[in-house]
Amino acid sequence: MLLEYATTLTFIALGAIFAYSFYAVLIAGQLSLGQAGFASLAAFSAASLAPSGDDVGDVPALLIAVVLGMAVGALASVVLGLPTMHLRGVFLAIATLGFAEAVRIVLLNQEWTGGAQGLAVPRILTVGMAWTALAVVAYWFWRMGRSRYGRALEAIREDELAARSMGIDVGRHRLAAFVTSGAVAGLYGVLYAYYVRLIAPGDFDFVAAVEGLVTAVLGGSTMFLGPLLGSGFQTMIPEIQRAVGVEAGWIRPFLASLLLLVVILFLPGGLASLIPRRTRMPQSDGGDGDRGAHLAARRHPAAGETVATLAGLGKEYGGVHAVRDIDLEIRAGEVVGLIGPNGAGKTTLVNMISGLVPPSSGSATVLGASIGRTPVHKLAGAGVSRTFQHSKLFNRLSALENVLVGGHLVSRPTFLRRLLWLPSSRRDERAALEHAARCLNRVGLGDLAGNRASSLSYGDQRRLEIARALASEPSLLILDEPAAGMNHVEAAKLSALITSLAADGLTILFIEHNVGMVLETCTRVVVLNFGEVIASGTPEEIAADPAVIEAYLGTEDHEPVTGSIAEGTLDDPTGGAAQNAPAGAVTNVGPSAAGTLEPPDTTSRDAT
Amino acid sequence: MSDPILSVEDLRVSYGRVQAVRGVSFEAEQGSLVTLVGANGAGKSSVINAVSGMLRPAGGRITFRGQDITRTPAHALVKRGLVQVPEGRQILATLTIEDNLQMGAWHTGGTAQKSITAMYDRFPVLAERRALPAGALSGGEQQMLAIARALVAEPAVMLMDEPSMGLAPKIVDEVFRVIEEIRASGTTVVLVEQNARRALRAADHGYVLQTGEVVHSGPAADLLADERIVEAYLGVDTDSRRRDGPTQHGGL
Amino acid sequence: MQQLLNGIFIGSIYALFAIGFTLVFGILDRLNLAHPAVFAASAFVGIELVERGGLSLWAALPIVFVFGAVLGLLIERLAFRPLKGRADAHFAGLISSIALAGMVIALLQWRYGPDTRRFPAGSFPDTRYEVAGAQVTLVQVVILGVSLALMVGLTYMVTRTRLGRGMRAVAENPDAARVLGVNVDRITAVTFAISSALGAVAGVLFAINVNTAQLGMGSAIELKGLAVIIVGGMGSLPGALIGGLALGLAEVFAVQYIGSSWRDVIAFGLLFLILLLRPQGLLGARKVREV
């Protein structure tokens, strides 16, 4: 019975292993088509270098070949990956495809590969060995799924920028995924070689690469069983066709392609998305008795210490000054509100402070790190965490998983220990889970832990972003319009949350359009207009400042204009360098005066 | 009262689960200048994008020249004379100024050399640089180009979304001068602005939006004198005792 | 001299094919991987028109042009439009167009079988000319003439006509184009039709040039087309033209000086070099995306 289907079953296993090599990078959001090249290199070098089965026995020979092949695949992926990892999307796909084709042509022209005739390889692989190998690969990805490393890869897939801001070193993770892919492709190449008896460079061409990709996509790249499902499906189609008695050669590719089209259009997660995905919420969520027991603790700067210093900071986009010459100092324990009309440069300013955008002039030091030279994830490591104006959640992950990723910096790597089922990894995972649950509960989302981030309401998404930012235990928390879209009551709750966070020792900088909320919540308010600080002071001072009201509502009186932009006789400050703050505003507070401030008020405030 | 050329009843707009506009109604008389003002996030742009067909409303009814246009796509509305000057100007930076103006005449199916020449007369700065890519213009000049481009389409109603955004006060004054000229030439203007005082000075009628609802409306001059607008903007209650209740709804 | 001419002939076919790729990329920012299937399908259809329909090549070319355009509309409708607005549209578009390509190739296999096909002997006159000491056949002149005419026509269309202006507007900013009254869906569909029509003509010309058509001919040229648009700059029409000609010439000279078996490595060598040194391509402009 089993023997009858041995060939089919072996090909299902081989197809699944090859699909896993695509899965390995798809899970991190990369599209690579170079796997056929890795497999090819691995197959030919292993087949020619590994000792013959007659000398060392069949199984040891295969094992040596597998080790050799995986090493070659991994090595090739490092060599290809180092220069190409900065490429995105289609460009990476084309570059890797070019690599695979180049490998094919080079191998075709070598003597030791047998050229177009191919290379004879003994058949050693049995159906049992194939499935054992598949089981090992599937196990690897299964254990990876719920590890810190696996979550980081998924976070990169969902939103690379947000992942960086959570302290994930995206470059290293992407390369790691790529190398894993190379090793698995190498494994596939060797197993394939030791099964089909004769390998030729043409076996690993573009069509083969597309088939592997199709299998992975069909199965789904968000769950470790996907490649197996995909391969089973792909391999079964001709079997079913034979059973039904249709022999025409074109039907299989037609059906496979049609199926792929249907899946990609109507079932974007692949077949595996039909399997429900569970999220486990830790049983004990309130116990803060051993708070931080397994997590790295961060020492916040003491109240009054300098957290950030901005000196003459400016940003220019194609001649337009989004932000110019900002001097500002933020001290520990402050809650600084940043307000100003649309287009005033608020988001550009916080993007610079959080390291996403390099300044074009001036300098800034945030938590000891120098802005512009420190990569985003290092800055996150220094203790800066932020939310985004337009939610950048990891949409296909659950709320809890989003916060777990937020805790990347303060949790320990668990993947390798999870492979070995070490109890310590279980403890670390539980600690990370409890930490995440605490952060979720703090923003009041404990009940929604298992929901997909994309399914949450807008207000809940904003809160989830805050929970995720909190999970990294930041010293400086930057919130970009956290109350946007919230109603009165929600905004008041948010205000209370911010106040309580400040009481815990966090320093908070937030942009907000709800000026009333800013005035209630902040210890200091900074007003921007036309990229410059036009006012800075306590909420009371700001509320009474006519320049602020003017910035928002426009001037009360109005002078006749001389000159005309339509005729080219009026100087237009938005065109380039010029002085353009509102006439009445600049007199209030000069940019240099904005940086000086009273000792921060750290007394807690009642937000309601 | 004659029939308004544009009327919006109970308009609702949602982004996923977020309700950005919760039942806004307003109307514009032929030849008038109507303004919707409000702080950022009040839903002004969503309203105007729904009217111009760029967004699909979740509910409500939009009538233009007596016809229901609630579900009419943007490209069909331009043809009928409802033209938008979008937020952030949205000029086509890689195309030349001339090409940008030609795009204004897209719906005619041909070129509109006559009205483009008229625009060059009106905005000499554009004529000088007609062969340059539009991206080379300054912010204020780009706004002029965006307005000129919309005028080439010969609109009956011009929807303007934050024409003053990011512009210096002197430039804003000139933009408003152009807007008033457009209105004086008989074109109905619906103006969305954050710069409320400036917009209300120019307008006949105003509507104040807050969190997706109209909270005040009335003749622009009356609104201009009303302190409660400051409240709608800054969320600072002029009467601090009224803090818990929802802001009073209704006109003046 | 002979090599130079040969390089230009094959290069102009590459350019014609690559222009179709790059046109869609410029407008939609997506790769249409069904383009090679159009290339192969039209070669088979062209052969059938000449062989069974008894048409002359001159009559067959316009029919194939229209056939390609219709395929392009289908591709846009089935593989790209349903993905509009989806977050993973970039990736999904690649996969859906691969799927559609697979279906087209399977249908070709159904109708024409897996074997290589040729134009019937005597389909085109065997006239030869002497140009500066090199042999040129009439067929080659036709290939060059048709490719150049199509490329000149396309360039004129894109830079000078109303439709071209609309296409450039959509390419730069679809929302701004919509505000101006452009029916973006229609422009997109038209772009697909033009792109595929060019790919279709390229397919027939290629089949004439080598006098064979195979099911796999699309994937062979696909990689070269990708190399050409990367080298020339994604979305750049002159880039595709220059890139195509450069690749054709480089290949011909590589065959002469290095050996025919290494011909295909040239494309990928160039591709790599450009991706590493100048990812936006020789004539491409880097799109700036906002945070």
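A helix here is a DSSP run of H or I with at least four residues, and a strand is a run of E with at least two. I note at the start that this model is predicted.

**Entry 1: chain A, the UniProt record**

I looked up chain A in UniProt. The unreviewed entry lists "transmembrane region" at residues 6-26, 62-82, 89-108, 120-142, 175-194, 206-229 and 250-275 of chain A. I then checked two of these spans in the model. Residues 6-26 of chain A are 100% helix and 0% strand. The end C-alpha atoms of that span are 30 Å apart. Residues 120-142 of chain A are 70% helix and 4% strand, with end C-alpha atoms 35 Å apart.

**Entry 2: chain C, the UniProt record**

In the model, residues 7-28 of chain C are 100% helix and 0% strand. Their end C-alpha atoms lie 31 Å apart. Residues 132-158 of chain C are 78% helix and 15% strand, and the ends of this span are 35 Å apart by C-alpha atoms.

**Entry 3: a hairpin in chain C**

I looked for strand pairs in chain C. Strand 1 (residues 128-131) and strand 2 (residues 134-137) of chain C pair antiparallel, over 4 bridges. Arg128(C) stands opposite Thr137(C) of strand 2. The two strands form a hairpin with 2 residues between them. I checked the turn as well: Ala132(C) has a positive phi of about 50°.

**Entry 4: the sheet of chain B**

In what order do the 4 strands of the open sheet in chain B lie? I read the order as 2-1-4-5, with antiparallel pairing. Strand 2 (18-28) and strand 5 (67-68) of chain B are at the edges, each with a single partner strand, so one side of each has no neighbour in the sheet. Helix 1 (residues 44-51) of chain B packs on this sheet and touches strand 1, strand 2 and strand 4 of chain B. The direction of helix 1 makes about 115° with that of strand 1 of chain B.

I followed the pairings of strand 1 next. Strand 1 (residues 6-15) of chain B is joined to strand 4 (residues 59-64) of chain B by 5 bridges. Across this pair, Glu9(B) stands opposite Arg61(B), and Ser7(B) has Thr63(B) as its bridge partner. Strand 1 of chain B also pairs with strand 2 of chain B, antiparallel, over 8 bridges. There, Ser14(B) has Gln19(B) as its bridge partner.

**Entry 5: two helices of chain B**

I picked helix 4 (residues 113-122) and helix 6 (residues 139-152) of chain B. They pack at about 150°, with axes 9 Å apart. Helix 4 and helix 6 of chain B are therefore roughly antiparallel. Helix 4 of chain B passes helix 6 of chain B in a right-handed crossing. I listed the residues in contact: Ser115(B), Ile116(B) and Met119(B) from helix 4 of chain B, and Ala148(B), Leu151(B) and Val152(B) from helix 6 of chain B. By class, this contact has 5 nonpolar, 1 polar and no charged residues.

**Entry 6: where chain C touches chain B**

I turned last to the contact of these two chains. It takes 14 residues from chain C and 20 residues from chain B. Which elements of chain C give two or more residues to its side? They are helix 6 (162-172) and helix 7 (174-179) of chain C. Helix 6 of chain C gives the most, with 5 residues. The side of chain C has 5 nonpolar, 4 polar and 5 charged residues.

Methods: Residues are numbered from 1 along each chain as its sequence is written. Chains are lettered from A and ligands numbered from 1 in the order in which they are written. This is a predicted model: local features need pLDDT of at least 70, side-chain atom pairs count only at pLDDT 80 or more; totals for chains, interfaces and linings use all residues. Two residues are in contact if their C-beta atoms, placed from the backbone, lie within 7 Å. Ala, Val, Leu, Ile, Met, Phe, Trp, Tyr, Cys and Pro count as nonpolar, Asp, Glu, Lys and Arg as charged, and the others, Gly among them, as polar. Two strands pair if DSSP finds at least two bridges between them. Axes are lines fitted to C-alpha atoms, for helices over the stretch in contact, and angles run from 0 to 180 degrees between N-to-C directions. Angles under 35 degrees count as roughly parallel, over 145 as roughly antiparallel, 65 to 115 as roughly perpendicular and the rest as oblique. A crossing is left-handed if the near helix is turned anticlockwise from the far one by less than a right angle, and right-handed if clockwise. UniProt positions are given in the numbering used here, feature names are shortened, and annotations may be inferred rather than shown by experiment.
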